[in-house]
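Dear colleague,

I am passing the structure below on to you, and after it I set out what was found in it.

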Amino acid sequence: MAEQTITTTRTKAKSNYWKAIAAIAWKDLAAELRSRELISAMLVFSLLVILIFNFALELDITTRRTVTSGVLWSTFAFAGTLGLNRSMAVEKDRGCLDGLLLAPVDRSAIYFGKVISNLAFMLIVEAIVLPIYSVLYNVNLFQPGLLMVILLGSIGYTTVGTLLASMAVQTRTRDVMLPILLFPVVVPILIAAVKASGGYLTDAPMTDILPWLNLLIAYDVIFTAIAFMVFDYVVEE
Amino acid sequence: MIKVKKLVKRFGLKTVLRGLDFEVQPGEFVALLGPNGAGKTTFLRILASLSRPSMGSVEIASYSLPKQAAAVRARLGVVSHMPLIYDDLTAEENLTFYARMYGIENAGTRITEVLEMVGLEARRRDLVRTFSRGMQQRLAIGRAVLHDPDVVLFDEPYTGLDQDASSMLDGVLKTVAKQGRTVVMTSHDLARAEDLATRFDILSRGVIAASSTREGLGTGNLLTFYKQALAG
């Protein structure tokens with residue numbers, strides 16, 4: 001083993017909020033690119049759900065349009081929970097959460113880094129599920145308005161989900177705890193997302209869709225602010 | 001370098017630390033010894049700003065906890081029995097990640113220095129999941145000293161290591177101490193603590209029950225001192 005001479009010029013540990021956020025997102029994406037544990041689990045689960053619904057609901061084209069938003073968001077919500085749980089469990093199991101908490105950055109940077117990577121995983125899964133769903137259910141899901149709803153809904157879901165996953169991961173029953181904590185809190189976002197998506201799919205007037213879009217945006221902003229303020233207390237003993 | 005006064009830590013109704021006083025001078029290597037449940041890990045987690053004290057004051061490098069936690073963390077490295085590194089990243093990627101988190105300039109050069117120090121330069125591009133427990137622990141030490149901290153805390157660093165890995169870790173720990181850093185290490189291994197540390201503090205029932213420098217042990221050995229401290 002090489003004996004190192006005493007370092008004369010001490011490296012300055014400058015904290016950089018934005019670099020820390022980017023570093024966490026990069027680390028999660030790089031690790032996932034290798035293991036493919038998280039995305040493959042979410043993807044297989046999502047595909048199974050839409051296949052089961054496809055056979056269970058043998059519906060005509062008009063009815064399919066009305067149930068599509070519900071099926072779609074049920075799939076995203078359950079698959080998202082799998083991803084959120086796994087994403088935080090990786091940090092906790094190897095003690096890496098402590099490693100992150102030891103960095104000299106504001107702890108909200110850790111939260112935002114995890115939100116970005118969780119959102120990226122969710123969007124990747126959604127990008128694969130949407131065309132398959134379109135083919136199976138014979139519904140065109142590639143409408144700009146609908147895609148915007150999916151983005152806003154996913155942001156809200158991961159914003160709340162990442163915060164609650166970091167709480168749930170510290171309990172012994174974390175796999176059970178996350179859905180119990182998460183679903184009651186994301187009910188408003190799921191309702192708004194289902195209603196707004198349904199509006200776009202049934203060609204409803206914009207005046208019917210707009211209130212739900214506003215609710216989605218308000219929810220995203222409010223929960224991002226809340227998470228920014230409380231994350232430090234959530235992760236500290 | 002470290003000043004702790006009347007530190008109390010409670011978990012609900014259970015009091016783990018009961019008015020603990022502790023002081024470490026720059027460059028000292030303190031072995032914090034004690035039986036299971038004495039509060040060693042809790043104390044180290046408070047020093048590392050991972051846990052808040054219920055009462056009392058903690059100062060590291062003239063910065064107080066928890067108010068100036070970020071400043072303390074910039075001057076602190078922590079090694080626990082968990083490696084705090086990612087299995088699905090290579091050794092180099094792990095250190096690159098932590099270098100970004102600490103905002104280290106010239107990260108490439110520093111990472112090479114650290115990997116050479118812990119003897120993992122040849123394995124820098126290998127995934128951590130292919131490493132033995134001993135190699136992972138050496139990488140964990142590399143991660144802890146990457147930002148050149150003034151203080152390094154070791155919490156049971158020998159846990160789960162075989163004889164060869166422990167011997168290699170001895171060498172790394174001695175190197176870290178030689179670099180002039182202040183070191184606090186908890187351990188159950190009295191022989192290793194006696195070999196490495198310059199001061200021995202016995203933590204029992206939430207307070208420092210006894211403290212002695214290497215010279216202060218006199219003709220007796222650490223085991224005798226440890227037993228007397230716990231009996232008293």
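What is the mean pLDDT of chain B, and what share of its residues reach 70 or more? The mean pLDDT (the predictor's confidence in each residue, from 0 to 100) of chain B is 89, and 99% of its residues reach 70 or more. This is a predicted model, in which local features need pLDDT of at least 70 and side-chain atom pairs count only at pLDDT 80 or more, while totals for chains, interfaces and linings use all residues. Residues are numbered from 1 along each chain as its sequence is written, and chains are lettered from A and ligands numbered from 1 in the order in which they are written. The model scores ipTM 0.89 and pTM 0.87.

Turning to the contact between the chains, 37 residues of chain B and 33 residues of chain A take part, where two residues are in contact if their C-beta atoms, placed from the backbone, lie within 7 Å. On the side of chain B that touches chain A, at least two residues come from each of α2 (69-74), α3 (91-101), α4 (107-117) and α6 (163-178) of chain B, helices being DSSP runs (H or I, at least four residues) numbered from the N terminus. Confidence in chain B is highest in α3(B), at a mean of 95, and lowest in α6(B), at 81.

Within chain A, helix α2 (residues 37-56) and helix α5 (residues 108-137) pack with their axes (lines fitted to C-alpha atoms over the stretch in contact) 10 Å apart and at an angle of about 25 degrees, so α2(A) and α5(A) are roughly parallel (under 35 degrees) to each other.

With regards

Key:
Axes are lines fitted to C-alpha atoms, for helices over the stretch in contact, and angles run from 0 to 180 degrees between N-to-C directions. Angles under 35 degrees count as roughly parallel, over 145 as roughly antiparallel, 65 to 115 as roughly perpendicular and the rest as oblique.
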